[in-house]
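The following paragraphs are intended as a guided reading of the structure. Please keep the sequence and the three-dimensional view at hand.

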Amino acid sequence: MADIRVSRAALLNEERRLDDLYPGVISQDLKKRLLGPVFAALVVLYLVVCFFAFDVLGVVDKARGDMAQLFALDSYAHKVHAKYQFKRDEQGFVVSLEGNRRAIYKVPPEWIGHSKSQTIISLGGDGKVQFEGGLVTYFHPDYQQPFVFKVGEGAPQFLSGAEVDWLKVSGSQVNARPSLYSRIWMTKSKVEVQRYFTGWENFWFDFDSKLNGLSVGALWSLVFASERLHPEMSNLRYMFHELWTNNEWQHGEVYFALLQTLIMAVVGTLIAGILALPLAFVAAANVNPVKWVRTGMRRLFDFLRGVDMLIWSLIFIRAFGLGPLSGIFAIFFTDTGTFGKLFSEAIENADKKQAEGVQATGASSIQKYRFGLFPQILPLFISQMLYYLESNTRSATVIGALGAGGIGLKLIETMRTRQDWENTLYLIILIIAVVMLMDQLSGWLRRKLIKGNA
Amino acid sequence: MAARLALAEASRLAEISQAYECVARRRTLYTAALLGLGTLSILGGLYVADEANSGSFWGGLDKFFDYPIELLAGAYEKGLVGLFRLFLEYLPYLVETVNIALVSTVLAFFLGGALSFVASRNLVSNPLLVGVMRRVMDVFRAFPEIVIALLLVLIFGSGPVAAVIAVTTHTIGALAKQFSEVNENCDLKAVEGIRSVGGTWLDQMRFGVLPQVLPNFLSYTLLRLEVNVRASAILGFVGAGGLGAELKMVVDWNYGADILVIIFMLVASISFIDYLSGWLRQKLIGQTSQI
């Protein structure tokens, strides 16, 4: 018992000794201790207030999940329509890609079976649809009794079958969606069966192209075949031509747009860097002794940087029209401000000794800055430009979407149609790939140039 | 003897100066090649851009001041009182834009901070986990905000929620990268100390790493706040609410005074946040360097 009491006293003593040695570490004052928790509580409170101010629950409630699902499906799958119109019954079922009138299959696919009076359309895992003499019968694998509809005389009628929630019958039409991958749609004028298949259709060649649907082996042997598909071009050139002018995927236009975006980023950054360098010398206190010129230059940098790239692009689009030239100007106006500020700070932080050493050998003032100061800021100059090159690739996409052209504008265009989601996904993948590539490239160059110099 | 030594020295000197000249020549060649490449890409790029543009550079040059003058004329008509009334009218939208930026930055600070600990090579012993997390970071960072915003506006409808998610996603990637660089430069002695008394990995991070890196984390976050205000203003253009949406509307209708007031509000708030974050950052970093 006594032992413990002694050690407790010793402990207290030791604590007091440490507290004297490092005051404010063991027992911090209340204000300091409360700072963290109070700040955290305020942040949480702010987030909660914004949660209600932005009406997150209401927005999530109203979110179009079904649309999102359809968009997502359409971005990686394509849809084939088989459509029967009563007014043109001599045509039978017309099979087309995405219901496009210019993409009609001349030979119907094997999942549509024809005989004299009846047509049987297989829906894969969702069963099959039989069409015969004004009756549509749908056999679903999960239901014993088939669903029977009468069509062709006025609005379609639901004759027999189970009541299920994926089947919607209204006064004028019947809409059945047994799964996300198939749909049967009947109105008084038509019967339409839609089926989704995974994959991007016609990605390489147009629907109408002679090369569409050929395998890699077949294409390879065509390259060496003596017979020409097009009288004026060799087969290889013809293939490239067909690929480049693919109407649906527009590879040629897409890659030109991508080039425009890259041009905006690269040229904008380069011009900004080249312009900002001499201006930064003017704005640096250890180079330029005239105060009002320095202050004026700094305010100019602040102005260029403060007026956002968005606003610059609006002004330049008004002056130069829609296109990448306006984008270049928007980027280099904003970044001249940023670079000017960064470079002038770097010049002011540079070591004076080198410049003095060069001056001691009798160098002119230009030589003094060139050999005494410039090598010190060159690594920063290069690394900042490379950093901004990557971020400007992303910015060029964004202001492209506002009207400066390039891949951003293409992206907006495909999204506006709300049908070409596969193109949208393709463009998004391209944009992300290019941004990541620029990121890797700029990081690699930075390591190579800066560490190599040191 | 001495003469032979001098001769040998002279030939050695000649060798050195030759080698130096060789290096210097190669340097000059590289510099010239780099300058040539730069000039070529600027000229070529400008040429392609001028061709692809709907209006030309020379045609636009004298029109450059037309738009600002037009806006100023519109503003002059309104008079000071009218402009002030417009300012009050658009103030709630500015608050919304700044709120979008602030909420996204705060969310990204927590999520990106958590991600950065798992993506630092010196803190996690499993290289596979670090590699995967770095790729996740890269993808998050590569997404331009506008792409996410465009998709979300279709699903959630126009409003700030789409903008918050879009800005947060990109910011998580950007901050996590900077944070993990800070983490990788931290002193591991404190971590070892906590491990030696039996602290778990979470304890090591909380008490060993976080106190070292928090000032730098906050500094990067403040820098990001300014970037995010700009981003959230842009997202308004694609229907994500805030001042950007109003700006798009008045630009389409060509209301000079309204455009000018909104531009002024944007520029003023961006400059103010820039100034404020610079001041706060100096305080944060300055405090830690004294300890």
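**Helix packing, sheets and the chain contact**

In chain A, helix 12 passes helix 13 in a right-handed crossing (a crossing is right-handed if the near helix is turned clockwise from the far one by less than a right angle, and left-handed if anticlockwise). Helices (H or I, at least four residues) and strands (E, at least two) are DSSP runs numbered from the N terminus. The model is a predicted one, in which local features need pLDDT of at least 70 and side-chain atom pairs count only at pLDDT 80 or more, while totals for chains, interfaces and linings use all residues. Residues are numbered from 1 along each chain as its sequence is written, and chains are lettered from A and ligands numbered from 1 in the order in which they are written.

Helix 12 (residues 365–404) and helix 13 (residues 407–417) of chain A pack at an angle of about 55 degrees, with axes 6 Å apart; axes are lines fitted to C-alpha atoms, for helices over the stretch in contact, and angles run from 0 to 180 degrees between N-to-C directions. These two helices of chain A are therefore oblique to each other, since angles under 35 degrees count as roughly parallel, over 145 as roughly antiparallel, 65 to 115 as roughly perpendicular and the rest as oblique. On helix 12 of chain A the contact involves Thr397(A), Val398(A), Gly400(A) and Ala401(A), and on helix 13 of chain A it involves Ile407(A), Gly408(A), Leu409(A), Leu411(A) and Ile412(A). Residues are in contact if their C-beta atoms, placed from the backbone, lie within 7 Å. The residues of this contact comprise six nonpolar, three polar and no charged; Ala, Val, Leu, Ile, Met, Phe, Trp, Tyr, Cys and Pro count as nonpolar, Asp, Glu, Lys and Arg as charged, and the others, Gly among them, as polar.

A further pair in chain A consists of helix 7 (residues 251–283) and helix 8 (residues 291–306), packed at about 135 degrees with their axes 8 Å apart. That angle makes helix 7 of chain A oblique to helix 8 of chain A. Leu279(A), Val282(A) and Ala283(A) of helix 7 meet Val293(A), Arg294(A), Met297(A), Arg298(A) and Phe301(A) of helix 8. This contact has six nonpolar, no polar and two charged residues.

Chain A also holds an open, antiparallel sheet of six strands in the order 2-1-12-11-10-9, where two strands pair if DSSP finds at least two bridges between them. Strand 2 (94–97) and strand 9 (167–169) of chain A stand at the edges with a single partner strand each, so one side of each lacks a neighbour in the sheet. Strand 1 (residues 77–85) of chain A is joined to strand 2 of chain A by four bridges, and Ala82(A) has Val95(A) as its bridge partner.

Another open sheet of six strands in chain A, likewise antiparallel, has the order 3-4-5-6-7-8. Its edges are strand 3 (112–114) and strand 8 (157–160) of chain A. Neighbouring strands of this sheet are turned by 20 degrees against each other on average, direction ignored. Within it, Thr137(A) stands opposite Val148(A) in strand 7 of chain A.

Chain B comes to 10 helices and zero strands. The contact between the chains takes 47 residues from chain B and 49 residues from chain A. Helix 1 of chain B supplies the largest share of the chain B side, nine residues. That side divides into 32 nonpolar, 11 polar and four charged residues.

Definitions and conventions
Contact = placed C-beta atoms within 7 Å.
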